[in-house]
Amino acid sequence: MELANYIETAMKSILKNPIYEVLSEIKITKILKQSNFVKREVGYPPFQIILHFLYMLIMQKRQSTFIKNSDKAYGKDVYYRFIKEKRYNWRKLLLLSATEILKKIKPLHKNGEYRLLIIDDTVEPKRGKFIEGTCKYIWSNKEHRSINALNIVSLNYADSHSTFQLDFSIKMNDSKRKSTSEFTAKLHHRSNAYQRKSEIIKGKNMLALEMLERALDNGIDADYLLVDSWYAKPNFIKEANTLGMPVIARLPNNKLIWNFKGKYKTLNAIYDSFKNIRHKYSGKHGKISYKYFDSVLEHAVLGKVKLVFLHTGKDLLVFISTDISISGKEILETYKKRWNIEQGYKDLRLLFGLGKEENRIYEALIGKITLSMFTYNIVSYINRIKHEPQTLGELFRDLECELETLAISMQLFIQILTKISEIQNVVKDNKDLLQIIAVISAFTQKELGFMCES
């Protein structure tokens, strides 16, 4: 036993798995228990299966390839059953793990840096007619037409350096491919999967507010909530303020939604009334030059708010802040960070498998999307705590290479030692060699979670 301790101590100082280290830091075992990822009497530990999914995503291996190339991989049915298990609380896993990560990076925040929550939605094209949760007609801003797709509403955290995924919901409209009553799984009304399925018919604003409330209840700390014009409605902003979150948003120029107190009620009328100061400030965003000014106005539902009117020469854009103490320039600079989530979606699709889920069952889709976002958060955290942060793409390729190299090297090393142990004179002279091989093999499996064939 003493020899085994010496070997493990020596290996810990050399064999370092960055993914495993982060999971240990955020106390993933405790989070899994809180999220009902509990091992049954028969089966494999949920932690090991999740670790395998992380490796599949980071090394960009299909499940079949991972099983073929990894000595310690489980059968395909193990991963399939795991991903569609009704008992697991995938939402809690994502939110609790993100909360722990944000606690770790809190000391890295500099004074004056705003911490932001961002609500947005993305559209993932899906061709299959029987994929649960998809709709025939969802508008795609990328393709500028309605497509057959999955609509994902998400809550994200961003600061000046990193973006993290906190929560998401799937939104289904009237053009749904299958109604919830036709979904494959028959769920108990008290199961986590049933709760997740029942929210799919709610409106986007309601889903967003529920996600915001959950995040705040879990101790997520932020300075402002950023939303685009879809969510920027008086009642939504009022509800967010009631929850304690000041809102910065771009307003839709719609006189039926936005009317203010006073002589000039609509956004266009208010802008035209400020002829003397409409060109008070100027700025530039990329190649676009613009003029802007700000003013505090009274709204029947929200009370006093600050509006920023920005004109590019062609278009009038209006932004609102329920915090009237910050300047118009700060409002614009803060709102620009809403685009961080667009880069986040791009990275999720390109590197972490979002939109490539090979499942049609709703519970399995939830599980795979959660694992994509969970892996994204782990990699973002590793990038944040490094002294020289890279783009996620660069770090992703480094991690992929590092994990494969570790696994293959250790497998070859163990094979070499095993060959040596087969030489009769060596084993006779060193009776501990077989024990050393067993300890190294067990520790490598524990630290890496899998072994690769060379």
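The second largest pocket of this predicted model is lined by 23 residues, of which Lys61, Arg62, Gln63, Glu358 and Lys368 lie nearest its centre. A pocket is here an open set of points on a 1 Å grid over the protein atoms alone, with protein on both sides within 12 Å along at least five of seven lines, and lining residues have an atom within 4 Å of a point. Two or more residues of this lining come from each of helix H4 (46-58), helix H5 (63-69), helix H6 (76-83), helix H13 and helix H14 (362-385). H6 gives the largest share, four residues. By class, the lining of the second largest pocket comprises ten nonpolar, six polar and seven charged residues; Ala, Val, Leu, Ile, Met, Phe, Trp, Tyr, Cys and Pro count as nonpolar, Asp, Glu, Lys and Arg as charged, and the others, Gly among them, as polar. The volume of the second largest pocket is about 650 Å³, taken as the space filled by probe spheres set on grid points joined across faces, edges and corners.

The largest pocket holds about 1400 Å³ of space. Its lining has 39 residues, with Asp120, Asn141, Arg338, Trp339 and Glu342 nearest the centre. Strands S1 (116-125), S2 (135-140), S8 (288-299) and S10 (316-321) each supply at least two lining residues, as do helices H12 (328-336) and H13 (340-351). The largest share, six residues, belongs to S1. This lining divides into 15 nonpolar, nine polar and 15 charged residues.

The protein contains 17 helices and ten strands, assigned as DSSP runs (H or I, at least four residues, for helices; E, at least two, for strands) and numbered from the N terminus. Of its 454 residues, 51% are buried, that is, under 20% relative accessible area with a 1.4 Å probe, protein chains only. The largest nonpolar core has 123 residues, and Leu23, Leu117, Leu225 and Leu307 have the most contacts inside it. Such a core is a set of buried Ala, Val, Leu, Ile, Met, Phe, Trp, Tyr and Cys residues joined through side-chain atoms within 4.5 Å. H14 gives the most to this core, twelve residues. Beyond four places in sequence, Leu117 touches residues including Leu155, Tyr157, Leu225 and Met245, a contact being heavy atoms within 4.5 Å.

Residues are numbered from 1 along each chain as its sequence is written. In this predicted model, local features need pLDDT of at least 70 and side-chain atom pairs count only at pLDDT 80 or more, whereas totals for chains, interfaces and linings use all residues, and side-chain values use heavy atoms, with hydrogens and water left out.

Definitions and conventions:
Buried < 20%, exposed > 50% of the residue type's maximum accessible area, 1.4 Å probe, protein only. 1 Å grid on protein atoms, 1.4 Å probe; cavity = no way out; pocket = protein on both sides within 12 Å on 5 of 7 lines; lining within 4 Å.
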